[in-house]
Amino acid sequence: MDSKLLLVKVITLLYRESELENNSNNSADLARSVIASIKLPESVMDTDNGREVLVGLRATALWMTDNPVNHKYDRSVLLQRIRVNTGEHESLYSAIESGTEPLEDEGSVKRLILEYKNSLNSYLKHGKVEEIINKASNKVMFHKETIDWNHFLKDFVDELEPFMSEGNVESHPAIVGQVDFDNEEALRAMMNSAQEEIAADGVIKTGWQAINRMTGDHDGIRRGEFVNVGALQHNFKTGFTLNIFKHACIYNKPYMRDPNKKPLNIHLSLENDLNSNIMQLYASLKENETGEPVDIKTVDIPEAAKYVRGRLQATGYSIRMLRVDPSDFGFRDMFDLFTKYESEGYEIHMVVCDYLNMMTKKGCQSGPAGFEVRDLFRRTRNFCSPRGIAFVTPHQLSTEAKQLVRMNVDDFVKEIANKGYYADCRQIDQEIDLELYIHIVKSHGSSYLTVQRGKHRKISITPEKDLHCVLKFESVAGIPDDLLGEDKSVSKVGAQTNDPNEDTWWD
């Protein structure tokens, strides 16, 4: 875009913004970025009045960016200054004169402001894209021997990704949904979608009744929900989420949104080895079924493989378990993997990822501390939610939460709920749908898993009494499944039943 036209747009934009009543911000930062990108001609000859015009208009634009947000311009005074800046260039003066003519109403002013901002943002975006492409091209043409081809293309795409929107605020990628109330058909479609969301069809039950109750009237995890399990180190995060994966497979008959597809559940590990996870699954399945302890050392491998395969796929699910290197696996790789399965005719119902935060943040938007983590969680939810993929992942709690344990606070999980005690990013709770906090408490020779539900993005309210439970670790089967039998949860550590009025046995 011509440098003079850019400065005309900047000056007109700032003038129009000053016309707004009760204006609390303006585009001064955008204007400075545009001004900084304009290169003045090197010639300083007296006859080169084109350079003088640029210098003059640039000085006026910078002066306007330095004025307070609520500054009001006298149009005649501003145009006098522009007349001096433009000299004999009558067309430039006319462009600003016509661009600052009084408009009928504030709505017209706002529409014009948006148009100017979109145009200037588009200019900056294209300039940055050109810079990225030129840099990559230069590397390919003249420094080919230094390129790591395994990562070059991914890095190139990651750099371009933030600039892939059209520049129009209404088509901005951050807007993932909208409804125009003037369009009754669109409003009905939105309300139908809300009704489908609160329906029980497709809800994935866990094997623990108390955990299902925490989700309220859904009595399980809805397809499309992002579930985060927060806990300190060595507090059963992996075991808890691996059990949820097992539960999803063996206690739920697949509810298909597309009957022509095949149902699929995925366990994606960025930490534990596959052989360890599969053996844990075998032991949990067998011990829950027989009530007898399993000695992993004496397991008959062919029999165990057949047993695990048969049990996990008995209800109709296909299963995929993967172990990936987190240092070389990012959200794009994960989304490509899911898309590959979809292209093979699968409908993904649940993904358990142990841990999402461990994967590389390559391609995530950078910013203040924790911004990349939050962006990773946001991208994952925005990918999975419209596809109806329930996504479950554990996440480490912060050192501040660990300090509370050292202080021996009562009811640790109740104390930390909804307070942002997450490692690496305090704001991830703003991106997820359902929070579960877990913590192991040992007392009188027994171990208990205390569980507290935090945020749950849903319409109806879950009774307060169902937001907390205690599950006891047994000598066989860890925390046994109780979905098909008697509720084994208790109200507090040491209690014998789920009666909140019952005293603990040692009391």
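So, Asp-433 is buried at 4% relative accessibility, where buried means under 20% relative accessible area, exposed is over 50%, and partly exposed is in between, using a 1.4 Å probe and protein chains only. Before I go on: this is a predicted model, so local features need pLDDT of at least 70 and side-chain atom pairs count only at pLDDT 80 or more, while totals for chains, interfaces and linings use all residues. Residues are numbered from 1 along each chain as its sequence is written, and side-chain values use heavy atoms, with hydrogens and water left out.

What does Asp-433 meet in a salt bridge? The partner is Arg-381, at 2.9 Å from N to O. By salt bridge I mean a side-chain nitrogen of Lys or Arg within 4 Å of a carboxyl oxygen of Asp or Glu. Arg-381 sits in helix H14 and Asp-433 in the loop between H16 and S6, so this pair ties together parts that are 52 residues apart in sequence.

Now a second pair: Glu-431 with Arg-374, where the closest N and O atoms are 2.6 Å apart. This pair also links distant parts of the chain, 57 residues apart, with Glu-431 in the loop between helix H16 (412-416) and strand S6 (434-443), and Arg-374 in helix H14, residues 371-384. Glu-431 is buried, at 10% relative accessible area, whereas Arg-374 is partly exposed at 22%.

How many salt bridges do we get by this rule? The count comes to 27. One of them joins Lys-340 to Glu-344, with the closest N and O atoms 2.8 Å apart. Lys-340 is partly exposed at 43%, and Glu-344 is partly exposed as well, at 36%.

Last stop, away from the charges. Val-351 is found in strand S4, residues 346-354. Is Val-351 buried or exposed? It's buried, with a relative accessible area of 0%. Leaving out residues up to four places away in sequence, Val-351 touches Ile-266, Phe-338, Ile-389, Ala-390, Phe-391 and Val-392, a contact being heavy atoms within 4.5 Å. Take Phe-338 from that list: Val-351 and Phe-338 are 13 residues apart in sequence, and 9.5 Å apart in space, C-alpha to C-alpha.

That's my tour, thanks.

Technical notes. Helix = DSSP H or I, 4+ residues; strand = E, 2+ residues; numbered from the N terminus.
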